[in-house]
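Keep the picture open beside you and find each residue as we reach it.

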Amino acid sequence: MSRILVIYGTTEGQTAKVARYLGDTLRTAGVSADVVDARTATPSPDSYDAVIVAASVHARGYQASVRRWVHAHAQVLNVKPTAFVSVCLGVLQPEPKVQRDLAAIVDRFLTSTGWRPAITKHVAGALAYSRYNWLKRWAMVRIVRKAGGDTDTSRDYEYTDWADVRAFAEEFARSLHARAAA
């Protein structure tokens, strides 16, 4: 049985939710999966057959714990099947400038860490208004209003396409099964 590490960084918790869902889906597909928060543990990727790294975009970058872990293990990651799952609300905005900005954020992360994942998957995140302090809530409402999004701060909004996340995890597991059979 293939063994996969799903390591993640999260700020408001949506990326943790995505990472746990990836782990559950991989296990259902017959793969052993460990889901680890990069802030609390830094496992070596050496004992895994594949690695999925998930992180969310905040202030035009990803969590420092994920950046440090990927940078420290890039050499090993570059010889294993790997995927990067980038969680960001900007995925919902089809404007070319927004998409260019997102691509630049991913490119900056990958260049600075030296990692070359086989797959980069973009996943929509969530607006967790109930977890924001007043300043962040105010800033997010301004950003979201400009983008034409949901601005009612009395509730949270989840935009993650769970069927798409499941399909991605299942395909990743299939590719590992095929690689093991070859």
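Helix α4 has 14 residues and spans 20 Å from its first C-alpha to its last, close to the 20 Å expected at 1.5 Å a residue. The expected span is 1.5 Å times one less than the number of residues. Helices here are DSSP runs of H or I with at least four residues, strands are runs of E with at least two, and both are numbered from the N terminus. Before going on, note that this is a predicted model, in which local features need pLDDT of at least 70 and side-chain atom pairs count only at pLDDT 80 or more, while totals for chains, interfaces and linings use all residues. Residues are numbered from 1 along each chain as its sequence is written, and side-chain values use heavy atoms, leaving out hydrogens and water.

Which residues of α4 are buried? They are Met140, Val141 and Val144. Seen down the helix axis, the buried residues of α4 fall within an arc of 105°, so they line one face of the helix. That arc is taken from the directions from the helix axis to the C-beta atoms. Buried means under 20% relative accessible area, exposed means over 50%, and partly exposed lies in between (1.4 Å probe, protein chains only). The cover over the buried residues of α4 includes strand β6, residues 126-127. On the face turned away from the buried side you can find the exposed residues Ile143 and Lys146.

Now look at Trp134, which also lies in α4. Trp134 is exposed, with a relative accessible area of 64%. Together with Leu135 and Trp138, Trp134 forms a nonpolar patch on the surface, with about 410 Å² of accessible area. Patches are made of residues with over 30% relative accessible area and no salt bridge; like charges are joined within 9 Å, and nonpolar side chains (Val, Leu, Ile, Met, Phe, Trp, Tyr) within 5 Å. The areas come from the Shrake-Rupley method with a 1.4 Å probe, and for residues only the protein chains shown count as cover.

Next comes helix α3, residues 96-113, with 18 residues. Its buried residues are Val98, Leu102, Ile105, Val106, Phe109, Leu110 and Thr113. Viewed down the axis of α3, these fall within an arc of 125°, so they too line one face of the helix. The buried residues of α3 pack against α2 (64-77), β4 (82-87) and β5 (119-123). On the other side of α3, Pro96, Lys97, Arg100 and Thr111 are exposed. After α3 comes Gly114, whose phi is positive, near 80°.

Side chains of opposite charge can pair when their charged atoms come close. The structure holds 8 salt bridges, each a side-chain nitrogen of Lys or Arg within 4 Å of a carboxyl oxygen of Asp or Glu. One of them joins Asp101 and Lys97 at 2.9 Å, N to O. Both residues lie in α3, 4 residues apart, about one turn of the helix.

Another salt bridge links Asp24 and Arg27, with the closest N and O atoms 2.9 Å apart. These two are separated by about one helical turn because they are 3 residues apart in helix α1 (residues 14-28). Finally, find Val35 in strand β2, residues 32-37. Leaving aside neighbours within four places in sequence, Val35 is in contact (heavy atoms within 4.5 Å) with Val6, Tyr8, Ala19, Arg20, Gly23 and Arg27.
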